[in-house]
Amino acid sequence: MSLIKYEILNTVVEYGSLTKASEALNITQSAVSHAIASLESEYGFSLLHRSRSGVRVTAEGERILAYTREIMRWTELMHQEISLIRGAEIGTVRIGTFASVSTQWLPGILKQFRLRYPGIEIKLWEGDYAEIEHWLASGAIDIGFLSLSDTSPFETIPLQKDRMMCILPFDHSLASKESVSFELLLEQPFILPKWGGDNEIERLIRQHNAKLNVVYEVAEDQAIMAMVHNGLGISLLPEMVLQNHTKSLALVPLAGDPYRTIGLACASLRNLSPASRRFIEEVEQWLESSKTSS
């Protein structure tokens, strides 16, 4: 059946390996190879490049993958709707997430979600903003947590504002200030967070038409904090990232209180599956209860 072959193709591309795909699907590697070969024979062109380092999708395969993912998505949606009619809550929701949401929010959300909806499986894809946007556009995930912008091509649900903070060593001359203007940052060696996509730091730089004195570009938040702690420069990070690090760093708000808006994004809110809707409801309820208890 083609649906099974499509699932195999999608899984191989997701894991970049026939072996890992066979383990994830709990079938033999020969069955995986046979399914891919069958599709390639049926279509008349290669879907995957095979090498010692693994497999990757061909340009032709990428075009086909968009359709197979859409077919799988609508099939999943139909199965969930049937189960909902029968009074059961089942399905799979694929969520794109970035590091601070994974650390600060998801443990509590997933714990509560699993208790309420044990029949719904959550699959997490962690990456930077650009990767999450790509996964959304390609249909690889159903919903993605993102830092929302006014130019987003997706339908979005704003969740929470997250202040941008200047982080410094305690002995820095700016550490005792109540707030720091963006202009003062231009005079300091700066460690630039590289998160991918159109992120909030890049928007601030464009807004001020400024050129920072960038000494390092670092993608990992923990590495940025360690470098600042050791006096290698100062940086900007969202307040949510800095929870549990107030004892090792001085945190000073930026003048004007700029912030990022964390939200959920998807291709179409109207076409979300029942399981995806349940997940969004759970996120909103968890955040509301967190505000109440804090």
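What follows is a working chat about a predicted model of one protein chain.

Biologist: Before we start, what should I keep in mind about the numbering and the confidence limits?

Modeller: Residues are numbered from 1 along each chain as its sequence is written, and side-chain values use heavy atoms, with hydrogens and water left out. Because this is a predicted model, local features need pLDDT of at least 70 and side-chain atom pairs count only at pLDDT 80 or more, while totals for chains, interfaces and linings use all residues.

Biologist: Ok, how many helices and strands does the protein chain have?

Modeller: The protein chain has eleven helices and eleven strands, where helices (H or I, at least four residues) and strands (E, at least two) are DSSP runs numbered from the N terminus. Its C-alpha trace spans about 65 × 45 × 30 Å along the principal axes.

Biologist: And what percentage of the residues count as buried?

Modeller: Of the 294 residues, 46% count as buried; buried means under 20% relative accessible area, exposed over 50%, and partly exposed in between, with a 1.4 Å probe and protein chains only. The chain exposes about 15,600 Å², of which carbon and sulfur atoms supply 50%, the areas coming from the Shrake-Rupley method with a 1.4 Å probe, and for residues only the protein chains shown count as cover.

Biologist: What share of the contacts links residues 24 or more positions apart?

Modeller: Such pairs account for 72% of the contacts with a separation of 6 or more, a contact meaning heavy atoms within 4.5 Å.

Biologist: Let's go inside, then: which residues have the most contacts within the largest nonpolar core?

Modeller: They are Trp-105, Phe-145, Leu-185, Leu-236 and Phe-279, in a core of 69 residues. Strand 6 (residues 155–168) gives the largest share of this core, seven residues. Apart from it lies another core, of 15 residues, among them Leu-9, Val-32, Leu-47 and Leu-65. A nonpolar core here is a set of buried Ala, Val, Leu, Ile, Met, Phe, Trp, Tyr and Cys residues joined through side-chain atoms within 4.5 Å. In soluble globular proteins, nonpolar side chains tend to be buried together.

Biologist: I'm looking at Leu-146; what is it in contact with, leaving aside neighbours within four places in sequence?

Modeller: Leu-146 sits in strand 5 (residues 143–147) and counts as buried at 2% relative accessibility. Its contacts beyond those neighbours are Phe-98, Tyr-129, Ile-132, Glu-133, Leu-136, Thr-261, Ile-262, Gly-263 and Ala-265. Phe-98 is 48 residues from Leu-146 in sequence, and their C-alpha atoms are 7.6 Å apart in space.

Biologist: What about the backbone, where is Asn-26, and what is its phi near?

Modeller: Asn-26 is in the loop between helix 2 (18–25) and helix 3 (29–43), and its phi is near 60°, a positive value in a residue other than glycine. Asn-26 counts as exposed, at 70% relative accessibility. Asp-257, in the loop between strand 10 (250–253) and strand 11, has a phi near 50°, which is also positive in a residue other than glycine, and counts as partly exposed at 40% relative accessibility.

Biologist: Last one, which residue lies 3.3 Å, by its backbone nitrogen, from a polar atom of the Ser-268 side chain?

Modeller: That is Asn-271. Ser-268 itself lies in the loop between strand 11 (259–266) and helix 11 (274–293), and is buried, with a relative accessible area of 19%.

Definitions and conventions:
Polar contact = N/O pair within 3.5 Å; in protein donor to acceptor, adjacent residues only side chain to side chain.
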